[in-house]
Amino acid sequence: MRPIEHYFRFLTDFGQPKYRATQIIEAVCKKGIIDYDNIKVLPLNLRQELKKKLPLLSLKPKKSVISQDGKTEKILFSLSDGLTIEAVLMEFEDGRHSICLSCQTGCVLGCRFCATGTLVKMRSLEAEEIFDQVVFLNSRLKAKDASLEITNIVYMGMGEPFNNYQNVIDSIRMLCSSKYFGFSPRRITISTAGIIPGIERLALEQLPVNLAVSLHAADQQLRCQIMPIAKAYPLESLLSAVKKYSQATGRRVSFEYIMLKNVNDSERDAEKLASIAKDKLLHVNLIPYNDTGLNSLGGSDLSRIRSFKLALQKKGVNVTVRTSLGGDIAAACGQLANI
Ligand code: SF4
């Protein structure tokens, strides 16, 4: 949906009071209504005019898939130019309702374990297109139970957030504004593959979101094999940028580490990771690998993940294993590819 100022202009031109804009935004953000027809406080002629001239959403849901356990829903959206993106709504055991957003229609970074990196039709999303994924998923949640709220938002879907920096930040500022969702930035996470200029810019934003860095290897050579972007932003420089970021903001940074069988899951890999991640302002999130069917990579088995975690804990590293949802509908990490 458009920013409130846009609605003010439209309403003035239509001879309507400005408070109608607040009524529209409240209906959308607080009640999860995404259709002007159902905002009954608006006069009928205004609803009709809005429908014709100011479409409520910048994207249209095209397909929805729900996981077998009913806890994850993946939505495929089509954008105004026909390109498509995916976003995911997840319900966790502890009651959290988390959503994963896309910020580009593909990704040029080509991480080897990721399906999104294989998509070629690439453009960055506008802030409105990112924001509207939340509007739609919020409406989905409210349709199940009007009292439910989105508790966490992660920018970990299709695309690299720092390759669409300004629109990502604008969408976050809009989500956090009390005019719209009033979402706490502390419940928003931006995940980057390690774009150092983005980390440096974020440190200056005065925006206390969480930063996650996709590390996936604690060794420059191996990291280059898994993530080609590591050639442009070498591990040593990345670690120094992360250190400066947490010193400047006082905020903890997460290292995401996807567990790949016989690639990055040995005792030696755990030792290397411990040597760079042993810091109270760092946290390691081990991610079970989700098969994309696109390469020969395989996931570490559960016992290996457990012993890897133990090895890190013994060295004093803050470490958790991510609960992965939606693997059966290709909605888990690295699987989003418009399928
Ligand atoms: S993991 Fe993220 S940065 Fe890497 S190719 Fe996939 S979408 Fe791009």
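## Strands that pair

Two strands count as paired if DSSP finds at least two bridges between them. By that rule, strand E2 pairs with strand E3 (residues 84-91) in the antiparallel sense, over 7 bridges. Keep in mind as you look around that this is a predicted model.

E2 also pairs with E1, again in the antiparallel sense and over 7 bridges. You can pick out individual partners: lysine 63 is bridged to leucine 76 in E2, and threonine 72 to methionine 90 in E3.

## Two hairpins

The hairpin of E1 and E2 has 5 residues between its strands, and here glycine 70 takes a positive phi near 75 degrees. E2 and E3 form a hairpin too, with 4 residues between them; in its turn, glycine 82 has a positive phi of about 90 degrees.

## A covered strand

In a regular strand, side chains alternate between the two faces of the sheet. How many of the residues of E2 are buried? The count is 8 of 8. On one side sit Thr72, Lys74, Leu76 and Ser78, and on the other Glu73, Ile75, Phe77 and Leu79.

## The second largest pocket

This pocket holds about 350 Å³ of space. Strand E1 (59-66), strand E2 (72-79) and helix H4 (127-144) each give two or more residues to its lining. The lining has 16 residues, and Pro55, Leu57, Ser58, Leu59 and Lys60 lie nearest the centre. By class, 8 are nonpolar, 3 polar and 5 charged.

## Around the ligand

The residues around the ligand include Cys107, Cys111, Cys114, Phe113 and Gly159. This shell has 6 nonpolar and 4 polar residues, with no charged ones.

Key:
Residues are numbered from 1 along each chain as its sequence is written. This is a predicted model: local features need pLDDT of at least 70, side-chain atom pairs count only at pLDDT 80 or more; totals for chains, interfaces and linings use all residues. Side-chain values use heavy atoms; hydrogens and water are left out. On a 1 Å grid over the protein atoms alone, a cavity is a set of points where a 1.4 Å probe fits but cannot get out, and a pocket is an open set with protein on both sides within 12 Å along at least five of seven lines; lining residues have an atom within 4 Å of a point. Grid points are joined across faces, edges and corners, and a volume is the space filled by probe spheres set on the points. Ala, Val, Leu, Ile, Met, Phe, Trp, Tyr, Cys and Pro count as nonpolar, Asp, Glu, Lys and Arg as charged, and the others, Gly among them, as polar. A residue is near a molecule or strand if one of its heavy atoms lies within 4 Å of it. Buried means under 20% relative accessible area, exposed over 50%, partly exposed in between (1.4 Å probe, protein chains only).
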